[in-house]
Amino acid sequence: MGLFDKVEKKLEGAVNGVFARAFKGDVQPVEIASRLQRELDAEARLLTRDKRLVPNDFQVHLSQHDYDRLAPYSRTLNAEIVPDLRSHAAERHYVFDGPVNIEYLLDESLSTGHFEITSAAVATVAETNGAASSTMIRRAPLVLEVNGVRHPLMPPGFTIGRGTEADLRINDPGVSRIHARVRIGENEYGELDIAIEDLGSTNGIVVNGQRIQHCRLDDGSRIEIGSTRMLVHSPAGS
């Protein structure tokens, strides 16, 4: 019988269950669940009058002792924690960018019984026209990187949005169904001319810290749409 087999379905039961009794003074599952819920409350960002965006990607930093004890049961632990997080979010009208992910990491600077949590709102990205091949990415002079996914910037460009009609779909409640268009052409010297324009979105576009309606994009341009950040850069060496 596994260590978690005797833990009750609700995490609150874990405190009085075999896990807590066997490891008094160590990090308990219910402590992690409680801290994650507080992380949602602390990081909630207003989207609309009745909705708030919260992190969906979490890292739980543990001491060597607690990591060795908890990490092997991370799947079982998350099977209990994630539904509770979703319930907590629903009660408070919180919105997740994408699937809830909880990762357990070793931090040797922490002592037994202490842990830290870091979090981020990470939107999922999809392309309705199919993912670009690695060859296409390498041949593109510049790419648009979104949450680690690179999209080649080649003529004529593409639309960005949350809806299925967008070429580059981003699962971010702060992104409109058709939020922006990236226009790509060539100038008189045969160089790429790249620009982004707002297509009447609700939350707008920020490029290099400035809210814009339409602007040129260059290598190093940083774009924010909803809670999603994007970077224009060369694929060389990546």
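Two strands are paired when DSSP finds at least two bridges between them. Helices (H or I, at least four residues) and strands (E, at least two) are DSSP runs, numbered from the N terminus. The model is predicted: local features need pLDDT of at least 70, side-chain atom pairs count only at pLDDT 80 or more, and totals for chains, interfaces and linings use all residues. Residues are numbered from 1 along each chain as its sequence is written, and side-chain values use heavy atoms, with hydrogens and water left out.

**View 1. The open sheet β5-β3-β6.** This sheet has three strands in the order β5-β3-β6, with mixed pairing. The edges are taken by β5 (101–106) and β6 (115–120); each has a single partner strand, so one side of each lacks a neighbour in the sheet. Neighbouring strands are turned by 20° against each other on average, direction ignored; axes here are lines fitted to C-alpha atoms, for helices over the stretch in contact, and angles run from 0 to 180 degrees between N-to-C directions. Six bridges pair strand β3 (residues 57–62) with β5 in the parallel sense. V60 has Y104 as its bridge partner in β5.

View 2. Helix α3 lies across β3, β5 and β6 and runs at about 40° to β6. Helix α5 (residues 74–91) also packs on this sheet, where it touches β3 and β5 (contact means heavy atoms within 4.5 Å), and its direction makes about 135° with that of β5. S74 belongs to helix α5. With 24% relative accessibility, S74 counts as partly exposed; the classes are buried under 20% relative accessible area, exposed over 50% and partly exposed in between, with a 1.4 Å probe and protein chains only. The C-alpha atoms of S74 and E103 are separated by 7.9 Å, although the two residues are 29 residues apart along the chain.

**View 3. The open sheet β1-β2-β4.** Here three strands form an open sheet in the order β1-β2-β4, and the pairing is mixed. The edge strands, β1 (45–48) and β4 (94–96), each pair on one side only. From one strand to the next the twist averages 45°. Helix α3 (residues 29–43) packs on this sheet, touching β1, β2 and β4, and its direction makes about 100° with that of β4. β1 and strand β2 (residues 51–54) run antiparallel and are joined by three bridges. The two strands form a hairpin with two residues between them. Across it, R45 stands opposite L53, and L46 stands opposite R52.

**View 4. R35 and the ring of F115.** The charged end of R35 sits over the ring of F115, at 4.1 Å from the ring centre. The criterion is NZ of Lys or CZ of Arg within 6 Å of the ring centre and within 35 degrees of the ring normal.

**View 5. Two nonpolar cores.** A nonpolar core is a set of buried Ala, Val, Leu, Ile, Met, Phe, Trp, Tyr and Cys residues joined through side-chain atoms within 4.5 Å. The largest has 25 residues, and those with the most contacts inside it are L144, L153, I160, I196, I223 and I225. Residues up to four places away in sequence left aside, I160 touches L144, A166, L168, I170, I178, H179, A180, V182, I225 and M230. In soluble globular proteins, nonpolar side chains tend to be buried together.

**View 6. S176 in its loop.** S176 is found in the loop between β11 (168–171) and β12 (180–186). S176 is buried, with a relative accessible area of 13%. Beyond its neighbours within four places in sequence, S176 is in contact with G161, R162, G163, S201 and T202.

View 7. P155 and P156 are joined by a cis peptide bond, with omega of about 5°. P156 lies in the loop between β9 (149–152) and β10 (157–161). H93, in the loop between α5 and β4, has phi near 60°, a positive value in a residue other than glycine. At 53% relative accessibility, H93 is exposed. N147, in the loop between β8 (143–146) and β9, has a positive phi near 50°. At 36% relative accessibility, N147 is partly exposed.
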